[in-house]
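Q: I would like to learn how to read a protein model, one feature at a time. Can we work through an example together?

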Amino acid sequence: MENSIRERRKEKGISQEELAGKCGVSRQTVNAIENNKYDPTLALAFHLAQELGTTVDGLFKPGWGGK
């Protein structure tokens with residue numbers, strides 16, 4: 001699943017560590033999600049969207065290229 005977490009996070013001026021802390025996950029988890037290596041749970045997706053000031057639909061797009 002493709003996402004725009006890195007772009008939104010940088011627009012807000014927060015680090016992976018800060019976002020991770022607000023969402024109750026590790027920095028490595030945020031990094032893996034940003035790099036499309038891990039799909040978050042629905043609850044985490046909603047939390048990420050809330051912290052980044054957007055919706056889940058605005059943050060995530062289905063990856064149609066076999067992912």
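Q: Where is the place of Glu-7?
A: The model is a predicted one. In it, Glu-7 has its place in helix 1.

Q: Is Glu-7 buried, exposed or partly exposed?
A: Burial is read from the relative accessible area: under 20% is buried and over 50% is exposed, with partly exposed in between. Glu-7 has a relative accessible area of 45%, so Glu-7 is partly exposed.

Q: Which residues of helix 2 are buried?
A: Helix 2 spans residues 16-23, and its buried residues are Gln-16, Leu-19, Ala-20 and Cys-23.

Q: What covers the buried residues of helix 2?
A: The cover includes helix 1 (5-12), helix 3 (27-34) and helix 4 (42-51).

Q: What follows helix 2?
A: Gly-24 follows helix 2, and the phi of Gly-24 is positive, near 75 degrees.

Q: At what angle do helix 2 and helix 3 pack?
A: To read a pair of helices, take the angle and the distance of their axes. For helix 2 and helix 3 the angle is about 110 degrees, and the axes are 8 Å apart. The two helices are therefore roughly perpendicular to each other.

Q: Which residues meet where helix 2 packs on helix 3?
A: From helix 2 come Gln-16, Glu-17, Leu-19 and Ala-20, and from helix 3 come Arg-27, Val-30, Asn-31 and Glu-34. Sorted by class, this contact has 3 nonpolar, 2 polar and 3 charged residues.

Q: At what angle do the axes of helix 2 and helix 4 cross?
A: They cross at roughly 120 degrees and come within 10 Å. That makes helix 2 oblique to helix 4. As for the hand, the crossing of helix 2 and helix 4 is right-handed.

Q: Which residues of helix 2 and helix 4 meet?
A: Leu-19, Lys-22 and Cys-23 in helix 2 meet Leu-44, His-47, Leu-48 and Glu-51 in helix 4. By class, the contact of these helices has 4 nonpolar, 1 polar and 2 charged residues.

Q: Is Cys-23 buried or exposed?
A: Cys-23, which has its place in helix 2, has 9% relative accessibility and so counts as buried.

Q: Which residues does Cys-23 touch?
A: Leaving out residues up to four places away in sequence, Cys-23 touches Leu-44, His-47, Leu-48 and Glu-51. Cys-23 and Ala-45 are 22 residues apart in sequence and 9.5 Å apart in space, C-alpha to C-alpha.

Q: Which residues of helix 4 are buried, and which are exposed on its other side?
A: The buried residues of helix 4 are Leu-44, Ala-45, Leu-48 and Ala-49. Seen down the axis, they fall within an arc of 135 degrees, so they line one face of helix 4. On the other side, Ala-43, Phe-46 and Gln-50 are exposed.

Q: What do the buried residues of helix 4 pack against?
A: They pack against helix 1, helix 2, helix 3, helix 5 (56-59) and strand 2 (60-61).

Q: Is Leu-42 buried or exposed?
A: Leu-42 lies in helix 4. Its relative accessibility is 59%, so Leu-42 counts as exposed.

Q: Where is Asn-36 found, and what is its phi?
A: Asn-36 is found in the loop between helix 3 and helix 4. Its phi is near 55 degrees, a positive value in a residue other than glycine. At 25% relative accessibility, Asn-36 counts as partly exposed.

Note on methods: Residues are numbered from 1 along each chain as its sequence is written. This is a predicted model: local features need pLDDT of at least 70, side-chain atom pairs count only at pLDDT 80 or more; totals for chains, interfaces and linings use all residues. Side-chain values use heavy atoms; hydrogens and water are left out. Buried means under 20% relative accessible area, exposed over 50%, partly exposed in between (1.4 Å probe, protein chains only). Helices (H or I, at least four residues) and strands (E, at least two) are DSSP runs, numbered from the N terminus. Contact means heavy atoms within 4.5 Å. Axes are lines fitted to C-alpha atoms, for helices over the stretch in contact, and angles run from 0 to 180 degrees between N-to-C directions. Angles under 35 degrees count as roughly parallel, over 145 as roughly antiparallel, 65 to 115 as roughly perpendicular and the rest as oblique. A crossing is left-handed if the near helix is turned anticlockwise from the far one by less than a right angle, and right-handed if clockwise. Ala, Val, Leu, Ile, Met, Phe, Trp, Tyr, Cys and Pro count as nonpolar, Asp, Glu, Lys and Arg as charged, and the others, Gly among them, as polar. The arc is that of the directions from the helix axis to the C-beta atoms.
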